[in-house]
Each structure stands twice: as C-alpha cells, then as structure tokens.
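These are my notebook entries on a structure that I had not consulted before. I set down what I looked up, entry by entry.

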Amino acid sequence: MANVTLRNVRKTYPGGFEAIKGVDVDVGDGQFCVLVGPSGCGKSTLLRMVAGLETVTGGEIDIGGRIVNQIEPADRDIAMVFQNYALYPHMSVYNNMAYGLRNRGMAEAEIKTRVEEAARVLELSSMLERKPRQLSGGQRQRVAMGRAIVRQPKVFLFDEPLSNLDAKLRIAMRVEIRKLQRRLNTTSIYVTHDQLEAMTLADILVVMNGGQVEQIGNPLAIYEKPATTFVASFIGAPPMNLMSTRPEEIRSQLAGSNAADAGILGIRPEDFVITDQTPDGGVALPLTVEAIERVGAETFVYGSREQEEQRVAATPGELPPGEIIVRIPGTEAPAIGAKIRVAAVRQKLHLFSGDGRTRLEA
Amino acid sequence: MQKQAIFQSKLLPYALVAPQLAIVLIFFYWPALQAVIQSFLLQDAFGLSTSFVWFDNYIELFRDPAYFESILRTFFFSFAIAVSSLSVALLLAVMADKPLRGSTLYRTLLIWPYAVAPPVVGVLWIFMLHPSLGVISRYLRAAGIDWNPLLDGDQAASLIILAAAWKQISYNFLFFLAGLQAIPKSVLEAAAIDGARPMRRFWTVTFPLLSPTIFFLLVVNIVYAFFDTFGIIDTMTRGGPGKSTETLVYKVYSDGLLGGNLGSSAAQSVILMIMVIVLTGIQFRFVERKVTY
C-alpha cells in the first residue's frame, strides 16, 4: 500500500533531448492512475522512470514516502507488466511466477501457495507446467499479470499491456485488470495510447503530450471540461470538432459571451442535433453531408461547412479541416449530398484561447 | 505457387549443376575414394610394390597404443580449446553488449583475429613464447618459471591450446554477441524488477537463453580443434616434443608424408572422415532444431 508522488520529474537524454519536461502527479493509495497520450509523448519513459529502468535527471519520485531516485528496480517494491509480456521463455509458467519470489529467498512452500493462488485467480491452474511458447496471447498476458501479483508489491506498473491482444480479448482483459486491481487495492500506474482504455480504467487520468502533462483529473471531468484543444481532441472518439471563431457566421452566434477572446470553438459530435431551430445562445451550422457511417446503435455524419475556413487542426492528420462530425441515433441517416443544419446548445460549447492552450468559460 | 522450375531443354538443368558437381566430385569424392582404397593397400619400404591387405592397416592402427594416445590427446585438446575459447568469448561478448562509447570500434577489433590464417597465428605466438626469442618467455623465466615448450610436452600442449583458442575467440564472440542481442531487453528488465542481481540474472536468464548458441559453437569449436589446428601445430611444435602435441590430423600428415606409411595414414584419414560425419550429424540433428530451450 503506497502513494506514488512525482515532483517536477524531468528526463533529459545525453544528446540533449528532453523527453519529460517536469511532471507532477500524485497517485493516492490504491488508486488506478492512467497515463495516456500519443506515441512519443513520454508516457512510457515516465513509467520506466518510476520502475527504475530509466534514470531520473531531475525532480523526485516518491513511492510510499521514500524517495526512490537512486534505488534499484528490485528494491522499489514494484511489479511491472510489459507490453510484450517479457516472460522467461525457458521457464514454465510456474517458474515464471516463482522466479521473483525465489530471488527474494522465500520458502518453497510459501511460493507454492502464492503461485497456486494467483494461478487460480487468473485461471492458469491447468497450465503451470507449460512453457510460454505453448500459450496463447491472452494466456501469456495472464501469466505476466500473475508474475506481478504473486509478489504482492506496493505498486503495479503496466506498460501498454493489452496492445498485443485482439480487440475482443482486449476488452475482456481490461475488465479483468480493473476487477483485479479493485480487489487487491494496489496502487497502479497504467500506460496506454488508447483513450477508451484510459477512460474506462482510470481513477486519475493524466493526459500527456510532448513530455508534459496537459491535464490531470477524473476521466469524466476531463471529458466534460478539457483544459486544452489537445485534450479535447485526444479524449473522446470520434474527436471533438474544433473550429475557428473568426468567421462572421460563428462570431455573430457567440455574441454576448466572452467568446470575443476565444479563438477556438469546440463541439463534441454527440452534442449536435439536426434541427432547423437555433437554440438560445447556442450555435447552428449549415452542412453538406459528405459521408455517413452507420454502426448500428449510432450513425456518424461527416459534413463539410459551406464556408471555407474552418476547423483548427489540433493534432495533425485527424480530420481534414472544415469537416464536422455529427453523431446521431442509429435510426436516422441523411442522404449523401443533402444540406442539413446542425445545432448545439450553449452548455455544450467549449471555448479555447486562440493557441488552444487555455480553456475559457462561456 | 509453382514449385518446379521448367526448362525447355532437358540438358540445360544438368549443364547448370555440372560445375558444382564437378567441384564436389573432383575435390571431395575422388580424394575420399582414393583414401578409402589406399587404406586397404600396403606398400613396401621402397614404394616398388603394392599389395591389397584388406583391413590390416586398421587392425594395426587399433593395436597401436600411440594411436589411442593421439585420440585421447585430440579429445583433450578439443575440450580445452573449446572451453577456454568459449568462456573468454562469452565474457568479452557480455562486456561488449553494454551500451558503451566506441563499442563499434572495439567490436570490430575483437573480430579481426578471425581473419588471421592459422599458420600465422602459430608464428605470432611463437614470437611471444619461444624459449629464446619470446618476449613473454623472458618475463616467465624472470618470474622463476622454467619455460621451455621445445622440451616440455605439457608446456607445448598449453601453447597450442592457447594459440588455437585465441584464434577462435573472434568467431565465438561474434555469435555470442548476436545471441545476446537477440535476447529481448524487456526480459532482462523483468528479471531486474523480479529482484535478480546482475550475476544471478546472467546465470538464470541470459545463459539459458544463449544455450542454443553455446551448443552450436561447441560443435563448431570441436570440429575446429580437430581439423583446423593443423597449421598452428605445424608452425609451432610440429607435433613435438616427443609426440606431445601430435593430434589425429597431425598424425595423418606425419605418418603419411613424413613417415611414408601411406596405408596407415589413409586408414587414419578414413576414421577422421567418419568422425566428421558423426559430428556434422549431431550438429544437424540438434542445432538445426529451432528451439532448444
């Protein structure tokens, strides 16, 4: 049982590259913290620094009230689940789990009890004598989990543990991990680039970008009030529609609020409705339907704005500028090429400063 | 998928494999067959008459205690050369595997000795350890060691083992380095988190994962020690003093070319040939299996 606190943690590589530019995170005892961000944002590096696999070049990492900057990984009382599982290929499942306990000089009888208990929980009891190569991806993943839990460490670290599994298994394992963590009540830090995993697992969500923390908080709070345009477009799928407030069409509709300072307007796809009315204080946009995606429960409408100046690309390569995504119930589907009008109410508008770094309250 | 190549002419495929076949037939099967025939023949002392003696050459060989001594000696040499060269190479590879500055340079330098021909290796070491010329010999004698490999058989043997093992280190190093780099980093990191200190990590994770490489190199080194040490022995000791460095291959040469006993020499060659076939068989049988752990 332990808190994990990062204080102004930095990582600069010998070449001068700054991978982590000062991160402060406080994970309470038994909490599940998820680090999420695009690849190269430094989330894995940060996790490896907590594990002791990367040196810390600035700031402090505190696990359970002890500064661990100079402490070996083995002595930090942590367990880690790797992306490729990192099982010992020459050892049986039993020995994979027992290895860490043997290294600590635990009695064989106690090891046996612990390994068998972990195997029972993870439904691996019938496979203890197998070698990792005789297991499926999901089973290997469970062995990696087992190796972590038999140690009964203060902290679990997960480095994208589900990214090598297929979509169905990923969802099943995600639920398993959450249940297991709740039951063991062990402080956990989990790295992923998948925002859905992040939303569903986290007690505390840390959104990272370019070696910095963009926003920390409860996942739903982040979803409802993203602090920057980066967070707004990264959390939520499909991403939030972001557009410049400069065109007269939008500026006039926002009059009367502090939207004058705002440079960017954001509206989530599900907050639009197709309507001819303009809600009081809200925003309405005329669109031409370019494409529709019907996925059953819902329909995504990809529309282009009539005026040609548009959506601010927050993260490159996400959507062509000027395109607006609207999420509507699966029962509806406008025709391609149809002219529609979509609107969102005032409470659902997100306003950001022109550089996208600051959220403004409407 | 098309599995068979189709040729318009029936002769063309044969013509295409002919050069390769010719080389194998002329340079391998013909001499091998000659050796087998020769091993059944006995010549008189002046080489004037030759008679067919069936297995007499072999029987005589197996009655000769000197031949058994040579077999034992060869096994001992092989074992000593393989073990010393493998362990030094492994140590160097483990150290070179660390991310250090200039690692490309010293990796390259460590590989160079492999390019040196065996007789040159022999000459190099003789220069260092010759009783009267050697640089190192002077220090050995100054340290009170009676160093004279020209007279002392054990010292001569250790000299051969030293030179032969030294030459093979590069080859082993190369394979060990590749083997070490093939071990996923995360497995070693997992072991570090699992509380294994570097030494324990090496013996419980790295070493077992290297075992296919080690086994492969063991066979290669034994074959090397059996056959390719001829040049080193010839330049350094010529099988002497006495017969203390006469391995099986050297005995073939000295009995046949120096002693003129072609029949016995041929019989020894045939026995060596069978040994190579067995060793190669072992190699194919075990090494070619992809997973050995």
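**Entry 1: the sheet around β12(A)**

I began with strand β11 (residues 241-244) of chain A, which pairs with β12(A) in the antiparallel sense over four bridges. I count two strands as paired if DSSP finds at least two bridges between them. Strands (E, at least two residues) and helices (H or I, at least four) are DSSP runs, numbered from the N terminus. I noted that A:L242 stands opposite A:G266 in β12(A).

This is a predicted model, in which local features need pLDDT of at least 70 and side-chain atom pairs count only at pLDDT 80 or more, while totals for chains, interfaces and linings use all residues. Residues are numbered from 1 along each chain as its sequence is written, and chains are lettered from A and ligands numbered from 1 in the order in which they are written.

On its other pairing, β12(A) joins strand β18 (residues 350-352) of chain A, antiparallel, over three bridges. Here A:L265 stands opposite A:L351. I then followed β18(A) to β19(A), an antiparallel pair joined by two bridges, where A:L351 stands opposite A:L360.

I could now write down the order of this open sheet of four strands, β11-β12-β18-β19 (chain A), with antiparallel pairing. Because β11 and β19 (359-360) of chain A stand at the edges with a single partner strand each, one side of each is left without a neighbour in the sheet.

**Entry 2: the two faces of β12(A)**

In a regular strand the side chains alternate between the two faces of the sheet. Which residues of β12(A) point one way, and which the other? I found A:I264 and A:G266 on one side of strand β12 (residues 264-267) and A:L265 and A:I267 on the other, and all are buried. A residue is buried if 20 or more other C-beta atoms, placed from the backbone, lie within 10 Å of its own; it is exposed if there are 12 or fewer, and partly exposed in between.

**Entry 3: a second sheet**

I looked up an open sheet of five strands in chain A, with the order β13-β17-β14-β15-β16 and antiparallel pairing. Its edge strands are β13 (273-274) and β16 (323-329), each of which pairs on one side only. Within it, β14 (residues 283-294) and β15 (residues 298-305) are joined by seven bridges, and A:E293 has A:F300 in β15(A) as its bridge partner.

**Entry 4: helix α2(A)**

I asked how many residues of α2(A) are buried. Eight of the eleven residues of this helix (93-103) are, so α2(A) is largely enclosed by the rest of the structure. Among them I list A:V93, A:Y94, A:M97 and A:L101. The buried residues pack against α3 (108-121) and α4 (137-150) of chain A. After the helix comes A:G105, whose phi is positive, near 75 degrees.

**Entry 5: chain A as a whole**

Chain A has nine helices and 19 strands. Of its 362 residues, 42% count as buried. The C-alpha atoms fill a box of roughly 75 × 45 × 35 Å along the principal axes.

**Entry 6: where chain B touches chain A**

I found 15 residues of chain B in contact with 17 residues of chain A; contact requires C-beta atoms, placed from the backbone, within 7 Å. On the side of chain B, α8 (185-193) and α9 (198-228) each give two or more residues. The largest share, six residues, comes from α8(B).

Technical notes:
Two residues are in contact if their C-beta atoms, placed from the backbone, lie within 7 Å.
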